[in-house]
Amino acid sequence: MDTLVGKDTAELEQALTALGAPAFRGRQLAQALYKRYARDFDGITDLPRELRAKIAETFVVAPSVVRQASSAPDGTVKYLLDLADGEVIESVFLPYPGRVSVCISSQVGCPMACSFCATGTEGLARNLTAGEIVDQVLLMQSLHPDQRITHVVLMGMGEPLLNYNNVLKAVRILNAEVGIAMRHITVSTVGVVPNIRKLAEEDLQLTLAISLHAPNDTLRSELAPLNDKYPIAVLLAACRDYVTKTRRRITFEYVLMAGVNDTDKEAHELGYLLKHQPLCSVNTIPYNTTDVASRYQRPTPAATRRFREIVASYGVTITQRQERGHRIAAACGQLKRSALRPGSAMRPLPMFAAVPAVPAATAQPAV
């Protein structure tokens with residue numbers, strides 16, 4: 001059955017008028033879903049009982065339910081969610097002083113095959129619908145009614161820019177219907193260059209995060225195989241054009257792995273690579289050890305500090321993400337792997353089947 005969550009107010013009005021109800025009932029329904037976080041028809045009390053029963057013949061309210069929750073002392077909660085077709089995704093609730101963030105998924109699994117990522121080893125089952133993306137936020141908000149969600153990051157399972165249309169619809173619903181400020185919505189990508197350029201044309205004031213993780217093509221291709229298709233020079237050219245078009249700062253995410261990409265050599269290369277890149281900053285994240293990539297380990301605090309100091313010496317803004325939930329399998333894909341037998345939901349697909357190639361003529365050297 002179709003879900004109500006994932007439809008904007010205009011679509012809800014259309015759905016209800018098709019059932020013979022006046023359009024204002026669709027606006028009431030939108031308020032119940034996106035402002036009061038109703039999870040079932042009993043919670044939509046401003047609609048007549050008869051109308052609710054009629055809607056229930058065609059629609060369900062929400063597409064996901066909690067299978068498992070894992071909490072940390074700092075207030076972080078990681079949720080494993082069951083979808084209607086039996087697939088499973090992860091979402092994380094992240095309270096900070098002065099704000100509450102949630103990290104949500106955009107696909108069931110991921111086709112990017114990044115060598116250090118628990119999700120990437122499983123392959124891709126399917127894209128999430130716009131409703132399944134939005135519902136992660138609504139569900140977590142309903143479970144934490146006294147902590148208003150203010151920030152949303154699409155950094156969970158999946159590559160958001162390979163589910164472009166559904167992600168963009170979800171972002172617009174989160175902004176216009178749920179009330180999350182567009183500047184507080186972050187979309188992460190490992191570097192799907194054509195859709196970075198496409199996103200720039202949307203003229204949205206969201207935040208774009210690039211999962212970089214290496215300063216040279218040899219190492220980045222080892223860590224993130226998509227780099228073979230879109231090498232660093234091509235990626236940075238798209239980022240420069242994105243900044244020119246949107247005037248929005250880009251964040252380069254850099255997961256630090258001991259002895260792999262955290263040495264002085266990589267730090268100097270990264271600083272040199274980004275020193276002329278406009279409106280950018282680097283966010284370092286010490287590696288969250290998983291059971292799928294034992295050769296990757298967390299760097300020492302001293303190595304992390306030295307890496308940041310070297311990069312900063314090039315005039316590049318660099319920070320370290322405040323870690324949350326390290327002890328509750330908070331790295332993407334870890335909770336799912338711990339709760340399900342391997343391969344129970346994932347069906348690996350060809351890695352880059354949906355990724356258009358960049359013509360060679362568009363490649364530009366990094367500044």
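Which residue in S9 is the bridge partner of serine 101? It is histidine 151.

This is a predicted model, in which local features need pLDDT of at least 70, side-chain atom pairs count only at pLDDT 80 or more, and totals for chains, interfaces and linings use all residues. Residues are numbered from 1 along each chain as its sequence is written, and side-chain values use heavy atoms, with hydrogens and water left out.

Strands (E, at least two residues) and helices (H or I, at least four) are DSSP runs, numbered from the N terminus. Two strands pair if DSSP finds at least two bridges between them. Strand S6 covers residues 99-103. Four of its five residues are buried, meaning under 20% relative accessible area; exposed is over 50%, and partly exposed lies in between (1.4 Å probe, protein chains only).

S6 pairs with strand S5 (residues 88-96) in the antiparallel sense, over five bridges. Leucine 94 stands opposite serine 101 of S6. The two strands form a hairpin with two residues between them. Glycine 98 sits in the turn, with a positive phi of about 90 degrees. S6 is also joined to strand S9 (residues 151-154). Here the strands run parallel, with three bridges.

**Salt bridges**

Side chains of opposite charge can pair when their charged atoms come close. A salt bridge is a side-chain nitrogen of Lys or Arg within 4 Å of a carboxyl oxygen of Asp or Glu. By this rule the count is 15. The table lists some of them.

| Aspartate 46 | Arginine 36 | 3.3 Å |

Aspartate 46 forms a salt bridge with arginine 36. Both residues lie in the loop between helix H2 (23-34) and helix H3 (49-56), so the pair ties together parts ten residues apart in sequence. Aspartate 46 is partly exposed at 27% relative accessibility. Arginine 36 is partly exposed at 41%.

Glutamate 222 is partly exposed at 40%.

Aspartate 264 lies in helix H9 (residues 264-274) and arginine 306 in helix H10, so the pair ties together parts 42 residues apart in sequence. Aspartate 264 is partly exposed at 32%, and arginine 306 is partly exposed at 43%. Elsewhere, salt bridges that share partners join Asp85, Arg126 and Glu132 into one network.
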